[in-house]
Amino acid sequence: MDKLRSASTDALFEAILTLKTVDECYRFFEDACTVKEIIDISQRFEVAKLLSEKKNYQEISKETGASTATISRVGKCLLYGKDGYTLVLERIKENKK
């Protein structure tokens, strides 16, 4: 069993799945998270996107302001994680077609 999984976490993710627009996401996440948490998550997502585009750490750090530790952590998620970043990045690519 995943250490993260619980009834309350399931309820949170189900609530997120009800959001329909970017504006609704802003409204929800600004209530649920600190500004720094949102910025950190969005930075990690941008790092994942750039790593998937085969950019190097120096380019990514310059473009995003992310530390090499953050870039490395996201890189490990891409290689050894649960493929969440990959799933979302592939869906975004498909939706742009």
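Visitor: What share of the contacts in the protein with a separation of 6 or more comes from residues 24 or more positions apart?
Guide: The model is predicted, so local features need pLDDT of at least 70 and side-chain atom pairs count only at pLDDT 80 or more, while totals for chains, interfaces and linings use all residues. Residues are numbered from 1 along each chain as its sequence is written, and side-chain values use heavy atoms, with hydrogens and water left out. A contact means heavy atoms within 4.5 Å. Among contacts with a separation of 6 or more, residues 24 or more positions apart account for 37%.

Visitor: In which order do the elements of the protein run from the N terminus on?
Guide: Helices (H or I, at least four residues) and strands (E, at least two) are DSSP runs, numbered from the N terminus. The protein has six helices and zero strands. From the N terminus on, the order is α-α-α-α-α-α.

Visitor: What percentage of the residues of the protein count as buried?
Guide: Buried means under 20% relative accessible area, exposed over 50%, and partly exposed in between, with a 1.4 Å probe and protein chains only. The C-alpha trace spans about 40 × 35 × 30 Å along its principal axes. Of the 97 residues, the buried share is 13%.

Visitor: Which residues are in contact with leucine 89, leaving aside its neighbours within four places in sequence?
Guide: Leucine 89 is found in helix 6 and is buried, with a relative accessible area of 13%. Its C-alpha atom is separated by 6.9 Å from that of lysine 49, 40 residues apart along the chain. Leaving aside the neighbours within four places, leucine 89 is in contact with Phe45, Ala48, Lys49 and Ser52.

Visitor: Which backbone oxygen does the side chain of threonine 9 reach?
Guide: Threonine 9 belongs to helix 1 (residues 7–17) and counts as buried at 15% relative accessibility. A polar contact is a pair of N or O atoms within 3.5 Å; within protein, one must be able to donate a hydrogen and the other to accept it, and residues adjacent in sequence count only if both atoms are side-chain atoms. At 3.2 Å, the side chain of threonine 9 reaches the backbone oxygen of leucine 4.

Visitor: Is lysine 54 buried or exposed?
Guide: Most residues other than glycine have a negative phi. Lysine 54, although not a glycine, has a positive phi of about 70 degrees. Lysine 54 lies in the loop between helix 3 (35–52) and helix 4 (57–64). With a relative accessible area of 73%, lysine 54 is exposed.

Visitor: What is the relative accessible area of aspartate 83?
Guide: Aspartate 83 has a positive phi near 65 degrees. Its place is in the loop between helix 5 (68–80) and helix 6 (84–96). Aspartate 83 is partly exposed, with a relative accessible area of 45%.

Visitor: How many aromatic pairs does a search of the whole structure find, and what angle lies between the planes?
Guide: Rings of Phe, Tyr and Trp (its six-membered ring) pair if their centres lie within 6.5 Å; planes under 30 degrees apart count as stacked, over 60 as edge-to-face and the rest as tilted. The search of the whole structure finds one aromatic pair. Phenylalanine 28 and phenylalanine 29 form this edge-to-face pair, at 5.3 Å centre to centre and with an angle between the planes of 90 degrees.
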